[in-house]
Amino acid sequence: MRNVVVIIKKQLSDTFKNKTVLIQFVMFPVLTLIMEHAISIPGMPECFFVKLFSVMYMGMAPLTSAASIISEEKEKNTLRVLMMANVRPWEYLAGVGIYVWTICMAGAGIMASSLPAESIPFYLCVMAAGFIISIVFGACIGIFSANQMVSTSLVMPVMMVLSFSPMLAMFNDKIEKAAGIFYTQQLRILMNQMSFNGIKKETVLVVFINALLGIVFFFAAFKKKGLE
């Protein structure tokens, strides 16, 4: 745990240096508050912008942040130094994952301030689950990438699909059916319900399969590339 805490502290100190990661953490919570309080359209669903930007935040920030952090430190040989300092791979990955998840949850907490009080616990549970899956996929990309340029090339199409397919599904039935295989779309459906009573078996199954695939890809990437 000492090594994990050291990694978390290291990432916190690097947050303001890594503009790519910082922007991801700040942009959506701020944008959500502005849009939710500045725009009011007759007939618009309650908390429309919170739900819309939450799904985009879930599919973008943790994914790109985890991939960026790992690939950058591989490129700069920071990971090699850490491995030589007896930091085990799982300790490093746990530290990065906990750091990204905690910062993302702080952002989700800000976004939740626009929701009714009774909806906040459910909302945070949904966001927490989505963040974990996105971090796993981001870690896969970061491990597989030799440097940040490769990481950016790989993470962009994945991010676009996960972040924007739920939004496009709101306006197109065919896209809605296709997007149903992704956890971000299923979690968006849950957000529309905003109740534990609205959870369906299909949603749980899709989210579970996505999480399982992320874990499989993670171990495959780690076995093939490792951290060094």
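Trainee: Ser165, buried or exposed?
Mentor: Ser165 counts as buried, because its relative accessibility is 11%. Buried means under 20% relative accessible area, exposed over 50%, and partly exposed in between, with a 1.4 Å probe and protein chains only.

Trainee: What kind of model is this?
Mentor: This is a predicted model, where local features need pLDDT of at least 70, side-chain atom pairs count only at pLDDT 80 or more, and totals for chains, interfaces and linings use all residues. Residues are numbered from 1 along each chain as its sequence is written, and side-chain values use heavy atoms, with hydrogens and water left out.

Trainee: Where is Ser165 placed, then?
Mentor: Ser165 sits in helix H7, residues 148–169. Helices are DSSP runs of H or I with at least four residues, strands are E runs of at least two, and both are numbered from the N terminus.

Trainee: What does Ser165 touch?
Mentor: Leaving out residues up to four places away in sequence, Ser165 touches Met160, Ile175, Ala179 and Phe182. Contact means heavy atoms within 4.5 Å.

Trainee: At what angle do H7 and H9 pack?
Mentor: H7 and H9 pack at about 50 degrees, with their axes 8 Å apart. Axes are lines fitted to C-alpha atoms, for helices over the stretch in contact, and angles run from 0 to 180 degrees between N-to-C directions. The two helices H7 and H9 are therefore oblique to each other. Angles under 35 degrees count as roughly parallel, over 145 as roughly antiparallel, 65 to 115 as roughly perpendicular, and the rest as oblique.

Trainee: Which residues meet there?
Mentor: Leu162, Pro166 and Ala169 in H7 meet Tyr183, Thr184, Gln185 and Arg188 in H9. By class, that contact has four nonpolar, two polar and one charged residues. Ala, Val, Leu, Ile, Met, Phe, Trp, Tyr, Cys and Pro count as nonpolar, Asp, Glu, Lys and Arg as charged, and the others, Gly among them, as polar.

Trainee: And how do H3 and H9 pack?
Mentor: H3 and H9 (residues 183–193) pack at about 150 degrees, with axes 10 Å apart. That angle makes H3 roughly antiparallel to H9. From H3 the contact takes Lys51, Ser54, Val55, Met58 and Gly59, and from H9 Tyr183, Thr184, Leu187, Arg188, Met191 and Asn192. The H3 and H9 contact has five nonpolar, four polar and two charged residues.

Trainee: Back to serines. Why does Ser71 count as buried?
Mentor: Ser71 counts as buried because its relative accessibility is 0%. Ser71 lies in helix H3. Not counting residues up to four places away in sequence, Ser71 touches Gly142, Ser145, Asn147, Gln148 and Ser151.

Trainee: How many residues are in the largest nonpolar core?
Mentor: The largest nonpolar core has 59 residues, and Tyr92 and Tyr123 have the most contacts inside it. Helix H3, residues 48–75, gives the largest share of this core, 15 residues. A nonpolar core is a set of buried Ala, Val, Leu, Ile, Met, Phe, Trp, Tyr and Cys residues joined through side-chain atoms within 4.5 Å.

Trainee: Last one: at what angle do H1 and H5 pack?
Mentor: Helix H1 (residues 2–14) and helix H5 (residues 89–112) pack at about 50 degrees, with axes 8 Å apart. That makes H1 oblique to H5. Residues in the contact include Ile7 and Ile8 of H1, and Tyr92 and Ile98 of H5. By class, the contact of H1 with H5 has 11 nonpolar, three polar and one charged residues.
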